[in-house]
Amino acid sequence: MSADPKVLLTDLLQTALKSVAPELAATPILLERPKQASHGDFATNLALQLAKPLKRNPRELAGLLLAELPPSKLVARAEVAGAGFINFTLASDAKTAVVREVLARGADFGRGAGKGIKVQVEFVSANPTGPLHVGHGRGAAYGASLSDVLAFAGYEVSREYYVNDAGRQMDILALSTWLRYLAFFGIEIPFPPNAYRGDYVVDMGREMRDAHQDRFAKVTAMQILAGTPGLPPSDRKDDEAKQQREEHLDALIANAKKLLGEDYPWVHGFALNEQLGDGREDLQEFGVRFDKWFSEQSLFDTGLVERAVIQLEKAGHIYLQDGAKWFRSTAFGDEKDRVVQRENGLFTYFASDIAYHLNKYERGFDRMIDIWGADHHGYIPRVKGAIAALGLDPARLDVALVQFAVLYRDGQKTSMSTRSGEFVTLRELRREVGNDACRFFYVLRKSDQHLDFDLDLAKSQSNENPVYYVQYAHARVCSVLDQWGGEAAELAGADLGLLQNERELALCARLASFAELVQDAAAGYAPHQIAFYLKDLAADFHSWYNAERMLVEDEALKLARLALAAAVRQVLVTGLKTLGVSAPESM
RNA sequence: CUGCCCGUAGCUCAAUUGGAUAGAGCACCGGCCUUCUAAGCCGGGGGUUGCAGGUUCGAUCCCUGCCGGGCAGGCCA
């Protein structure tokens, strides 16, 4: 017998449909759980759907369907309501059966059957040029939770971090580190304003000195500055001054490469590994793990970037202009064409990104999800365009945009400038509010919504804090089961027919909707739905807890209630786990 | 100027993807601890879903036009 009432009702309706309107037997049967308890446990709009093609009154059709509906012991009541809905109320046996199922399946309750669909989720992918900040934190929390929800829903998930280890930004970091290192030997030039100025760069310089003494310091300030255009006055903000600063920086990088020679890759690699390692550790502490760290440099090393551009060229989507190679992305809906190879022969970031996505497709993922900061939204048409131009299906790629998080303290916005060096790092945020509150708050909003992150609320150990509210429900169950002291096996045989009051049946209905919710959250890339569900489940539990006692004299009733409590605990644990939040046994 | 996203209770946000009387939390008011954890519960007030049209049995959701806010528009990443 199918334990799933939804499947049963679908079958019953199918039968009724065939006899009422055989020509429309293919009409999809939608069953939803009404928001209002008075509308029963399930409702269908089938009659409303049929009304138009049959040109008949929906309420009348609903009545005909009801008349043809085969009877079932699990259905206590079925009635026409509203504009033509059919509402079903389940027999209480059918409602409470879920408790036994939760206890039997344990951590697997709610898990979707394997779909055999391979999904890759790429997220964070921050430049390893400094500490992760609170914006990356949201991408990390969202990506990790989404991945876990997808995996739990039955997809084969691969979590990936794209490491931008090639390109100018890394050179700037290497230069910055070297300059800080040199300062320890009294070799100093004015520190470029557009280089990386954070304290962590000074720390890396110090580490270099401690490990290698003056090995990289056999130069003079004069040599480093040789041939550079110099810096314009710091108060000049015009375009010409900005450009001169960039040229100055590039000249310094060129000098560093020349002066360090074979040591330059060492310095570059040192800075990269330090920052990448720091980020990896940061994320690991945050409960965020990746299956693969994909190197951008490897795309150049294996010649894939070149191959990707050649492939586009062969397909006729590349043209030459002003000495550069342009991809005709306007042919694929982009606003303007984009350069893939510069006049100086260097490939653009876009070129390696095309290669990266080509590589993803070649690895055979059925679906790919890129999680980007919302400021990159303009980048979507060109990437999808390039994928289409390569003869691949862009619909297999979804880009999920994550809006910025704004921190509030004492009702005031806190600054998160990345330039000044006073930006708030993910690590600082985690230390201040704790990993659990961090993870939960980050996914408490739809990802494409701006997030106001209230630091005071996240830290408060009070009923205002939704994290504690959910965790507290879990701790309460633990406490009661602990005081009972019996064996879990005793609960499996409890007489669930004794669960009869409204709050108990509501709790059962909530548990029964979990698997469906997981599927919805996965399909909509919406882990926030898990968070809201857990809040609702906790609320149902707290309400029941205050209204009824579990440890009552009546042995059978006690077991039934404890079984329900244990089932609630299991789903709380499962749900919190997908969000990366702990479930403490006492608080 | 152009493109994308957003606009829901005083505040922060949901709304089963087009469903029934639009829901929570905070804030405000009033109750509940000699009984399994009061980090909890129960009750109350609070809305023309930015505005104006359109599509249909039915719109917070889809289409058009305004108003307001955010982001983007490099041979940067």
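How far apart do the end C-alpha atoms of residues 126-136 lie, and what share of the span is helix and strand?

**Figure 1. The span 126-136 in the predicted model.** The end C-alpha atoms of residues 126-136 lie 7 Å apart, and the span is 27% helix and 0% strand. UniProt, in an unreviewed entry, lists these residues as "short sequence motif: 'HIGH' region". UniProt positions follow the numbering used here, feature names are shortened, and annotations may be inferred rather than shown by experiment. Helices (H or I, at least four residues) and strands (E, at least two) are DSSP runs numbered from the N terminus. This is a predicted model, in which local features need pLDDT of at least 70 and side-chain atom pairs count only at pLDDT 80 or more, while totals for chains, interfaces and linings use all residues. Residues are numbered from 1 along each chain as its sequence is written, chains are lettered from A and ligands numbered from 1 in the order in which they are written, and side-chain values use heavy atoms, with hydrogens and water left out.

**Figure 2. Chain A as a whole.** The C-alpha trace of chain A spans about 90 × 60 × 40 Å along its principal axes. Chain A contains 23 helices and 15 strands. Of its 587 residues, 48% count as buried; buried means under 20% relative accessible area, exposed over 50%, and partly exposed in between (1.4 Å probe, protein chains only). Contact means heavy atoms within 4.5 Å. Among contacts between residues at least 6 apart in sequence, 71% join residues at least 24 apart.

**Figure 3. Domains and annotated spans.** Chain A is divided into domain 1 (5-90), domain 2 (168-276) and domain 3 (463-579), with bounds from an automatic or database domain assignment. The centres of domain 1 and domain 2, taken over C-alpha atoms, are separated by 72 Å. An unreviewed UniProt entry gives residues 7-90 the annotation "domain: Arginyl tRNA synthetase N-terminal". That span, residues 7-90, is 40% helix and 21% strand, and its end C-alpha atoms lie 13 Å apart. For residues 470-587, UniProt lists "domain: DALR anticodon binding" (unreviewed entry). Residues 470-587 are 72% helix and 0% strand, with end C-alpha atoms 11 Å apart.

Figure 4. Two strands pair if DSSP finds at least two bridges between them. Strand E13 (residues 405-409) pairs with E15 in the parallel sense over four bridges. Tyr408 has Asp454 in E15 as its bridge partner. Leu455 lies in helix H17 (residues 455-459). Leu455 counts as buried because its relative accessibility is 1%. Beyond its neighbours within four places in sequence, Leu455 is in contact with residues including Tyr408, Arg409 and Leu429. Its C-alpha atom is separated by 9.4 Å from that of Cys438, 17 residues apart along the chain.

**Figure 5. Arg180, a buried charge without a salt bridge.** Arg180 is placed in helix H6 (residues 168-183). Arg180 is buried and has no salt bridge; Glu188, the nearest side chain of opposite charge, is 6.3 Å away. Lys and Arg count as positive, Asp and Glu as negative; His and the chain ends are not counted. A salt bridge is a side-chain nitrogen of Lys or Arg within 4 Å of a carboxyl oxygen of Asp or Glu. Not counting residues up to four places away in sequence, Arg180 touches Phe191, Arg197, Val201, Val202 and Gly205.

**Figure 6. The Arg33–Glu516 salt bridge.** The structure holds 32 salt bridges. In one of them, the side chains of Arg33 and Glu516 meet at 3.2 Å, N to O. The pair links distant parts of the chain, 483 residues apart: Arg33 is in the loop between strand E1 (31-32) and strand E2 (42-44), and Glu516 is in helix H21 (residues 514-523). Arg33 counts as partly exposed at 28% relative accessibility, as does Glu516 at 24%. Lys6, Arg33 and Glu516 are linked in a network of salt bridges.

**Figure 7. The Glu160–Arg363 salt bridge.** The closest N and O atoms of Glu160 and Arg363 are 2.8 Å apart. Glu160 lies in strand E6 (residues 156-163), and Arg363 in the loop between helix H13 (349-362) and strand E11 (367-373), 203 residues apart. Glu160 is buried, with a relative accessible area of 0%, whereas Arg363 is partly exposed at 26%.
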